[in-house]
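This briefing goes through one structure by topic. Please keep the sequence and the coordinates open while reading.

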Amino acid sequence: MSKALLTEIRKYESDTEQCMKCGFCSFVCPVYQEEKIEAGVARGKNELVKAVLAGELELTRDLADRLYKCTACMACTETCPAKAVVPRLVVAARADLVSQIGLRFPYGLVYRHILSNRKMMGRLVSAASLFQSLIMPATNGRVRHMPDFLSGLTKGRQIPSLAKKPLRRLTPEIIRPSSGTPVTRIGYFSGCVNEFVSPHIGLKTIDFLVRNRVEVVMPRAQGCCGAAVFLGGGDFVTGRLVADSNVAAFNDVDYVVTDCATCACALEEYPRFLADTPERKEAYVRFAGKVRHTTQFLIDVLDLPASAFRTSPLVEGKRLTWHDPCHLNRHLGAKQQPRQILNSLENTRFIEMPNSDRCCGMGGQFSLLNPELSIKIGDKKVESIASTEADIVVTACPGCQFQLIDGLGRAEKPQTVMNLMELLG
Amino acid sequence: MLKEEIIRQLEEIVGKGSILTKKEDLATYAYDGTTTWAHPPDVVVMPTTAAQVSQILKLANENLIPVTPRGSGTNISGGSVPVRGGIVVCTTRMNRVLEINKANLTATVEPGVVLQDFNNLLAKENLFYPPDPQSFLSCTVGGTVAENSGGPLCIKYGVTKQYVLGLEVVLPDGYVLNIGGSTVKNRTGYDLVPLFTGSEGTLGIITKVTLRLIPKPAARRTIMAIFDDITLASSVVSTILANGIVPAKIEFVDNFVIRRIEEKMKIGLPVDAKTMLLIDADGSVAAVESEAAHILEFLQSGGAEVARLAKDEDEANMYWKARSAGFAAVYGAARTVIAEDVTVPRDKLAEFVKKLEGISRKFGFQIVLIGHAGDGNIHPSVFTNSREKEELDRLQDTLTAIFEAALELGGTLSGEHGIGLEKKRLLSRALDPMAITLMQRIKALFDPNNIMNPDKIWES
Ligand SMILES: Cc1cc2nc3c(=O)[nH]c(=O)nc-3n(C[C@H](O)[C@H](O)[C@H](O)COP(=O)(O)OP(=O)(O)OC[C@H]3O[C@@H](n4cnc5c(N)ncnc54)[C@H](O)[C@@H]3O)c2cc1C
Ligand code: SF4
Ligand code: SF4
């Protein structure tokens, strides 16, 4: 590939110079910790991108494979004394790769046509859901193999089953508090998982918000957040279509609130990666400024007191532990908010697990392209969870939830996985 | 390029998953912590046993293929750069801690164990391994032995070589040699162990290390002091030591770093001050209290503008964090930062700093100091943003001037980073010519075919 075409990574050329090659990132990089191969760690990836920019290496598929081996956990950046942000470089490189040599099959198909089109995703998922109920016995919604169109991509891993009806068919478009003037008006961004797999969590959040005097809008025109498309897939062209339609859908709300840490993060990243014109820049920046993960919204914006968080009877008397989703903890910087909520829950016990902020190994795309590695990283997390002897591991990102369910299930550990919102009464 | 047949044999030895041959991987084993040196190997192997290492070296020796050992590649001297290509033997997968013996106060580890992983394990047992190169999050034990690394604690506790009791080393012909043992006293013939501590991978590959440990000191106090004059700071350091107090660390930063710390952390440092000292006392609770009080007195009577005894662990950690932040700021300040490693006798520190100011003026580069006042190893860091040939040439002249200034004051070329490629052009100015000849003879004795990390340490 000619040097002139490396438009996205070239934007980060001076950032690549930040790295002083101390290697500290290797201590925390989940990928490096498993493989101990230099190309896996931020330092190696940074040097590879530098070599590409210098024209010493080409952006080949072999090189891409190495760059794709990154869960985007940002642990490297957090530890880096020079604050090099290698995961951003990785996204930029994916974008150049996509615009030069195209997407790999079958991901290209999925990103361009399915994830970017919520209706089509809905149809496919319902079809898969139906298909699933035909051939699979119900397993209390715990774990089972997902025989849908994604099965080719998930290589037989256990993931939760699909809901009978998507969230949008279960809730009106605008929900107002029953009395008084609302304190604020938010748009609820459902995200693919709460939309299709766990709409009950979305319902719970909406209900909780409304009871706390928030007017909730669930725009029907919203789509996928685009994380898999532009962050994981490097498909910025489709990413812009997704972003434009989401930005338009949430035009008239004060905040955009989501239960999915990955979605929150992707929505916030529109300006950085996708703003190719001044108009987009302006619109994306305004939009990104409104985005909050639910935990951030409840604590930072609503400033709810401990008494606002009642314990659901489902978890009364239970021992809870918390897994920090990387997207929430490091990308969004929300470390204390979820803990504040957990500590508010009476009649439960909160136990910190060792290395609660270590990546679970999901990383979206990463786990699809590197299933064995993802499992190995997940197993370390499972050990941490098990060591707490908690009853429930709580988290706030569906991606992590899948990974934890899969890992705990395979290791035959007794812990169940719950979304933070499910704990609220 | 290596013959297909060699690659095939290497693959047979280590297994398919432990060999890298694609250029995209080789490129990531081309560099170390320096900005100046890079050259890719032809192949990287990641053995897991000494037996595999032995087979690899035998093969390389028979076929005259250069071999470069590598831990984490954090050295800053070009030491792990495979300048002639060939085989990189990377130890990162030989990373088991084989034994921690609490009664004997020893530990035996494989070379690829990362120092901080080791420290974490020891902490659980209330044990302590003092050598603390500031790359502890990444460097391997094997690398620290091969570089004879030391860090801030060396003023009180010494450097790596003082802790290596025994080694297993694979020699270039494949022989697996065991030397030393696991006793502190060991007087059996020539002591061959120290030949390998600091050998920079030129004599053989270390595959097992037995280290001496000490019990973890019960207490620590941290003292921060600010001076307007480096001469005063340096003479207080001498006073403290002359009075029989040996602090665990005496670290030193200059005005540039003080400013960066204050910008970031706002802890009320006088931003015009020339020097900040950070001193740790450790030991038993009673001893530490009395040492800290004495140190504080010496600082105050010695002309410190500010001298503060951290009241608790949090304040102490804040100062040490500030120092690391300062270190990061130095690296973030320019495109290229060359952190030099010259060391001068402690009583020449102030004089050396004055000379550095002159060198900075003369050559027009900013030079920042962040180092170890306790041992005269102060890491002058030279900043440049340019890639222009003229500027890079001038940079080399600046570095030479720094070395010359240090040597004039009776100092050494390298305190802790080693010679590698970075400083070999200067070695003959720092050593007795016969010393270099003897080193070359020793090298030839161990490695007659010159396959082990060739082209390092001296000019051939
Ligand atoms: C930010 C930073 C801070 C640093 N601070 C300090 C400090 O305070 N004090 C200090 O002394 N150094 C310091 N260093 C230098 C460096 O970290 C040390 O030299 C370290 O010991 C190197 O370890 P490594 O595993 O990275 O070895 P590498 O860099 O991989 O190798 C170093 C040398 O050892 C050889 N080698 C490696 N493993 C073996 C083996 N098993 N057998 C034989 N030879 C081998 C290599 O061939 C090479 O010549 C610092 C470096 C950085 C980047
Ligand atoms: S921690 Fe930062 S500076 Fe150090 S090697 Fe990693 S990316 Fe580079
Ligand atoms: S983001 Fe995570 S996985 Fe990716 S390089 Fe950094 S530490 Fe490794």
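How many residues does the contact take from chain A and from chain B? The contact takes 26 residues from chain A and 35 from chain B, where contact means heavy atoms within 4.5 Å. This is a predicted model, in which local features need pLDDT of at least 70 and side-chain atom pairs count only at pLDDT 80 or more, while totals for chains, interfaces and linings use all residues. Residues are numbered from 1 along each chain as its sequence is written, chains are lettered from A and ligands numbered from 1 in the order in which they are written, and side-chain values use heavy atoms, with hydrogens and water left out.

**Interface**

- Chain A and chain B bury about 2500 Å² between them, and carbon and sulfur atoms give 57% of that area; buried area is the accessible area (1.4 Å probe) that two parts lose on being put together, summed over both.
- Lys21(A), Phe27(A) and Lys36(A) supply 24% of the area that chain A buries against chain B, more than any other three residues.
- Gln116(B) belongs to helix 4 (residues 115-124) of chain B; helices (H or I, at least four residues) and strands (E, at least two) are DSSP runs, numbered from the N terminus.
- Beyond its neighbours within four places in sequence, Gln116(B) is in contact with Phe27(A), Phe136(B) and Leu137(B).
- Why does Gln116(B) count as buried? Gln116(B) is buried because its relative accessible area is 16%, and buried means under 20%, exposed over 50% and partly exposed in between (1.4 Å probe, protein chains only).

**Ligand shells in chain A**

- The shell around ligand 2 includes Cys19(A), Lys21(A), Cys22(A), Cys25(A), Arg43(A) and Cys80(A); a residue is near a molecule or strand if one of its heavy atoms lies within 4 Å of it.
- Eight residues of the ligand 2 shell are nonpolar, one is polar and two are charged; Ala, Val, Leu, Ile, Met, Phe, Trp, Tyr, Cys and Pro count as nonpolar, Asp, Glu, Lys and Arg as charged, and the others, Gly among them, as polar.
- Among the residues surrounding ligand 3 are Cys29(A), Cys70(A), Thr71(A), Cys73(A), Cys76(A) and Pro87(A).
- The ligand 3 shell has ten nonpolar residues, one polar residue and no charged residues.

**The sheet of chain B**

- Five strands of chain B form an open antiparallel sheet in the order 5-6-10-8-9; two strands pair if DSSP finds at least two bridges between them.
- Its edge strands are strand 5 (97-101) and strand 9 (176-180) of chain B, each of which pairs on one side only.
- Neighbouring strands of this sheet are turned by 10° against each other on average, direction ignored; axes are lines fitted to C-alpha atoms, for helices over the stretch in contact, and angles run from 0 to 180 degrees between N-to-C directions.
- Strand 8 (residues 164-170) of chain B pairs antiparallel with strand 9 of chain B over five bridges, and six bridges join strand 8 to strand 10 of chain B, also antiparallel.
- Glu168(B) stands opposite Asn178(B) in strand 9 of chain B, Val169(B) has Leu177(B) as its bridge partner in strand 9, and Val164(B) is bridged to Leu211(B) in strand 10 of chain B.
- Seven of the seven residues of strand 8 of chain B are buried.
- The hairpin of strand 8 and strand 9 of chain B has five residues between the strands, and Gly174(B) takes a positive phi near 100° there.
- Helix 3 (residues 50-62) of chain B lies across strand 8, strand 9 and strand 10 (205-212), at about 50° to strand 8.
- Helix 4 of chain B lies across strand 5, strand 6 (106-109) and strand 10, at about 35° to strand 5.

**Chain A: fold and sheet**

- Chain A has 24 helices and eleven strands, and buried residues make up 61% of its 425 residues.
- An open sheet of five strands in chain A has the order 3-5-4-6-7 and mixed pairing.
- Strand 3 (174-175) and strand 7 (291-293) of chain A are the edge strands of this sheet.
- Strand 4 (residues 184-189) and strand 6 (residues 255-258) of chain A run parallel and are joined by four bridges, with Ile186(A) opposite Tyr255(A) in strand 6.
- Helix 16 (residues 261-268) of chain A packs on the sheet and touches strand 4, strand 6 and strand 7, its direction making about 160° with that of strand 7.
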